[in-house]
Amino acid sequence: MLQASLRRARSLNSWTLGRYEVAKFGFSTAADASPTPGNSPPKVSNLIGGKFVESQSDLLIDVINPATQQVVSRVPLTTKEEFDAAVGAAKQAFPSWRNTPVTTRQRIMLKLQELIRRDIDRLALNITTEQGKTLRDAHGDVFRGLEVVEHACGMASLQMGEFVSNVSHGIDTYSIREPLGVCAGICPFNFPAMIPLWMFPVAVTCGNTYVLKPSEKDPGAAMMLAELAMEAGLPDGVLNIVHGTTDVVNNICDDEDIKAVSFVGSNTAGMHIYSRATAKGKRVQSNMGAKNHAIIMPDASKDATLNSLVGAGFGAAGQRCMALSTAVFVGDSKLWEEGLVERAKQLKVSAGTEPEVDLGPVISKQAKDRICRLIQSGIDSGARVLLDGRSIKVLGYEEGNFVGPTLLADVKDDMECYKEEIFGPVLLCMQADSLDEAIQLVNNNRYGNGASIFTTSGAAARKFQNEIEAGQVGINVPIPVPLPFFSFTGSKASFAGDLNFYGKAGVQFYTQIKTVTTQWKDVPGQGVSLAMPTSQKI
């Protein structure tokens, strides 16, 4: 599949990829909305009530190929009337959809996963075009979302309630999980396929209807997935898509018909959404920023550890919420530095469609400028430069938003480059005198998405597992993102809410419990009793 994508990419003289093959959400680093000029690139549609509808808004945001600066398409700022129509379509579809047998909903997901596999090359090529990551990484983006679709195919078991017979004399009690109603998802730029697939498949298979807002920077994959969902048999109005930035997000938070909101993105946006939506009585799950650490013990396997640090630190140009951005070496980091630099220098930086490429561009010029500023702030504060990727030039893509692999050593915990999530291909190297000191350093950081240890000592690994304050822990695993039968369990400042994404927690987020107590017996007349009913027979 990947080789087919590469051949197709090289055969294209321009990115003209069909109807929908054409940010971290952060209030927003996209180009300013502007009126529609003549002869403009294709305009992305809304999806409302089963129909792709062109927005009446003349305020549009350019979707820009980050490797070439070519405008791929233009995203409308969905009007309030169009947003209301999308929510209305979801609300209208809900009664029928919630009463659709769960086996039917599962079969639609089974068909959807088949169609995603069929079109994975198209999806990956669109992601590379709009987001910039390599085709190989884009395939992974789709596949990790596909795994959630596969998990949703077992919803009948996942949504199963509980039953206790004869809780009292002749009385049975059981609980059932029911859908909430209309739910909504707000997506980031860094995983254009995976994050939408974290959201709507679980929600709709539970019996909810959905309003999805893709990132304004790369909406194409979400639109393609919506087409596939309808091809799979998802009824009109069950999934709707709107576009925009702050106004649409606030509409999602405020609309009284929306019962739950899922969000992945920056802390600024995430806390705004969490505060505003919960104030309106909604459920919210908000995955936010991260500063993921790896502790490297002196006994760690050297080659395997170096390969893991470089892969997890620079993959996807560092634009992952689970990117491994900080390495804490117990002992002298200089023993590891040469190997890190050697491997990082071997990485190929270019457009994501080029053969054998390792790193693509970052999402925007604003993102590149921020990454470079944070690197410089570290240098100004005393960090030692092992490798500086800021001045990299990529032949044939001179206008691209490229930052090469960057390594900073002697980083301290009071430096801005450490305190902020860089979200770029930058690996910070720190030192600790002991495992206790390293654990304390990690735990003092406000974020809690993930942390890893590299060691051959079971005792050290167990101590780390028990004492580290992070939601996802890796032992000799650099990016410990769980498969969908578990849940994505970020914690501390990396997550706001009570129930995490996918797995059991995801099903619980998109359902509410109803408990039913029944009595079927002939009760002899005992007169009226105002006493509290109990299970005790008097």
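## Starting from Met 199

Leaving out residues up to four places away in sequence, Met 199 touches Gly 185, Ile 186, Cys 187, Tyr 210, Leu 212, Ser 262, Phe 263, Val 264, Phe 501 and Tyr 510. As you explore, keep in mind that this is a predicted model.

As general background, nonpolar side chains in soluble globular proteins tend to be buried together.

## Aromatic pairs across the chain

How many aromatic pairs does a search of the whole structure find? There are nine aromatic pairs. One of them joins Phe 189 and Phe 423 edge-to-face, at 5.9 Å centre to centre and with 90° between the planes. This pair links distant parts of the chain, 234 residues apart. Phe 189 is in the loop between strand S8 (182–186) and H7, while Phe 423 is in the loop between helix H14 (416–419) and strand S17 (426–432). Phe 189 counts as buried because its relative accessibility is 4%, and Phe 423 counts as buried at 13%.

Trp 198 and Tyr 502 also form an edge-to-face pair, with 5.1 Å centre to centre and 75° between the planes. Trp 198 lies in helix H7 and Tyr 502 in the loop between strand S22 (495–496) and helix H17 (503–509), so the pair ties together parts that are 304 residues apart in sequence. Trp 198 is buried, with a relative accessible area of 3%, and Tyr 502 counts as buried at 3% relative accessibility. Ring pairs link Trp 198 and Tyr 502 with Phe 488 and Phe 501 into a cluster.

## A charge over a ring

Now for another kind of meeting between side chains. The charged end of Lys 302 sits over the ring of Trp 336, 5.8 Å from the ring's centre.

## Asn 240, a buried polar residue

Is Asn 240 buried or exposed? Asn 240 is buried, because its relative accessible area is 0%, and buried means under 20%. Asn 240 lies in strand S10, residues 239–241.

What lies around its side chain? A polar atom of the Asn 240 side chain is 2.9 Å from the backbone nitrogen of Gly 49. A polar atom of that side chain is also 2.8 Å from the backbone oxygen of Gly 237. Not counting residues up to four places away in sequence, Asn 240 touches Leu 47, Ile 48, Gly 49, Ala 86, Ala 89, Ala 90, Tyr 210, Val 211 and Leu 212. Tyr 210 and Leu 212 are also among the residues that Met 199 touches.

## Asn 250 in helix H9

Let's finish with Asn 250, which is found in helix H9, residues 246–254. Asn 250 is buried, with a relative accessible area of 13%. Leaving aside neighbours within four places in sequence, Asn 250 is in contact with His 272 and Arg 276. The C-alpha atoms of Asn 250 and Ala 277 are separated by 8.4 Å, and these two residues are 27 residues apart along the chain.

Methods: Residues are numbered from 1 along each chain as its sequence is written. This is a predicted model: local features need pLDDT of at least 70, side-chain atom pairs count only at pLDDT 80 or more; totals for chains, interfaces and linings use all residues. Side-chain values use heavy atoms; hydrogens and water are left out. Contact means heavy atoms within 4.5 Å. Helices (H or I, at least four residues) and strands (E, at least two) are DSSP runs, numbered from the N terminus. Buried means under 20% relative accessible area, exposed over 50%, partly exposed in between (1.4 Å probe, protein chains only). A polar contact is a pair of N or O atoms within 3.5 Å; within protein, one must be able to donate a hydrogen and the other to accept it, and residues adjacent in sequence count only if both atoms are side-chain atoms. Rings of Phe, Tyr and Trp (its six-membered ring) pair if their centres lie within 6.5 Å; planes under 30 degrees apart count as stacked, over 60 as edge-to-face and the rest as tilted. A charge sits over a ring if NZ of Lys or CZ of Arg is within 6 Å of the ring centre and within 35 degrees of the ring normal.
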